[in-house]
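Dear colleague,

I am handing over the structure below, and my notes on what was found in it follow directly after. Please read them alongside the coordinates.

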Amino acid sequence: MLAPQNPGVPKIPRSLFAARPAVGHTTSALNFDCYPKGYFMSSVASVEKPSQSIGLHAHQLHWRYALPIAAVHVLACLAFLPLFFSWSGVVLAALCTHLFGMLGINLCYHRLLTHRSLTTPLWLEHVLATIALCSLEDTPVRWVATHRLHHVHSDETADPHSPNDGLGWSHAGWLLRAAPSRRSLAFYDRYARDVIADSYYRWLEKRPFTVLYIYAAQIPVFGACGWIVSWCVNGHTAAATQLALSWIVWGVFVRTVLVWHQTWSVNSLSHVFGYRTYETKENSRNNWLVALIAAGEGWHNNHHHDPVSASVQHRWWEFDPTYYCICLLAKLGLAHDIVLPRHIRQARTAAATTSRELVP
Ligand SMILES: [Zn+2]
Ligand SMILES: [Zn+2]
């Protein structure tokens, strides 16, 4: 049974994500047992007030996030050792950072699942979500619920990662602090009911360690690819093993760290540095550096102005590679119902109204 919803928490505004039919939703979607027992720390739907409890005392540390974050950063540092260095590894890290960050986090978690700015075939949505899981940024349900909470309470007390509570807090500090109210079925019910209604995402939520297994599974894949490529080129076992190790360190651990900091920079830098095209109610900014490294996500003031839009490019030079990827999927017949920017939607509505009035 869910706790009664807190009347003090505002409803999610409809402008936050496009209305889509709730495919596969059942009333029992949230009524499930989870392994390990006690995973959900609270049944209360109220939101955290981070500014009242900033600081990381040991008993408040969210070890399930802190340990993997620390471990992957340490493993990424191996890249500086000659044994794990290769130029092909550097190129692999650069390519995969954009591939996994843009397709998995930007396109799938953010624009597809959170804001419903487009639709894709369900098999493709699940493939993209699995790519996102390879960046170890949380399950789809938790990512979506947290980001919608950010939009509802941007730069207010209840914002989980506002720079008003410190730049470091907004970048990564908020992830390290336990937040029981954001790990509750009631929270997911309020902010991500449409996502948890999907059987694949619900299955992931029931087995939270599956995220770690999926992340670990890519390690032998990168290693095997590196080994095979080197063996085919050189034919030496030692060289093949060295390249395999290099591709694991650069292709998995370095890439994961880079994707993390891309996403975290949107939460931190794009709420502090940059220009504002729109006078939105929060401090979002358009930050060209974050846009460059995060495939368009740095045009964050444009995004807060019109969260439902699939594109954040409002000026010709505000490049949005994630949207170009959505357009490519549309050309291939794999993306539909793409929500255009508000000014284009309004212009089309006005043109349609005018043409109707001109018809005798
Ligand atoms: Zn924001
Ligand atoms: Zn958003």
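To begin with one helix pair, H2 passes H10 in a right-handed crossing, a crossing being right-handed if the near helix is turned clockwise from the far one by less than a right angle, and left-handed if anticlockwise. Helix H2 covers residues 87-114 and packs against H10 at an angle of about 45°, with the two axes 8 Å apart, where axes are lines fitted to C-alpha atoms over the stretch in contact and angles run from 0 to 180 degrees between N-to-C directions. That angle makes H2 oblique to H10, since angles under 35 degrees count as roughly parallel, over 145 as roughly antiparallel, 65 to 115 as roughly perpendicular and the rest as oblique. Among the residues that make the contact are Gly89, Phe100 and Ile105 of H2 and Trp247, Trp250 and Arg255 of H10, two residues being in contact if their C-beta atoms, placed from the backbone, lie within 7 Å.

This is a predicted model, in which local features need pLDDT of at least 70 and side-chain atom pairs count only at pLDDT 80 or more, while totals for chains, interfaces and linings use all residues. Residues are numbered from 1 along each chain as its sequence is written, and chains are lettered from A and ligands numbered from 1 in the order in which they are written.

The protein chain has 14 helices and 0 strands, helices (H or I, at least four residues) and strands (E, at least two) being DSSP runs numbered from the N terminus. Of its 360 residues, 43% are buried, that is, with 20 or more other C-beta atoms within 10 Å of their own, whereas 12 or fewer count as exposed and values in between as partly exposed.

Helix H9, residues 210-234, reaches 37 Å from its first C-alpha to its last, close to the 36 Å expected for its 25 residues, the expected span being 1.5 Å times one less than the number of residues. Its buried residues are Gln218, Phe222, Gly223, Gly226, Trp227 and Ser230, and what covers them includes helix H10 (237-268). Just after H9, Gly235 takes a positive phi of about 75°.
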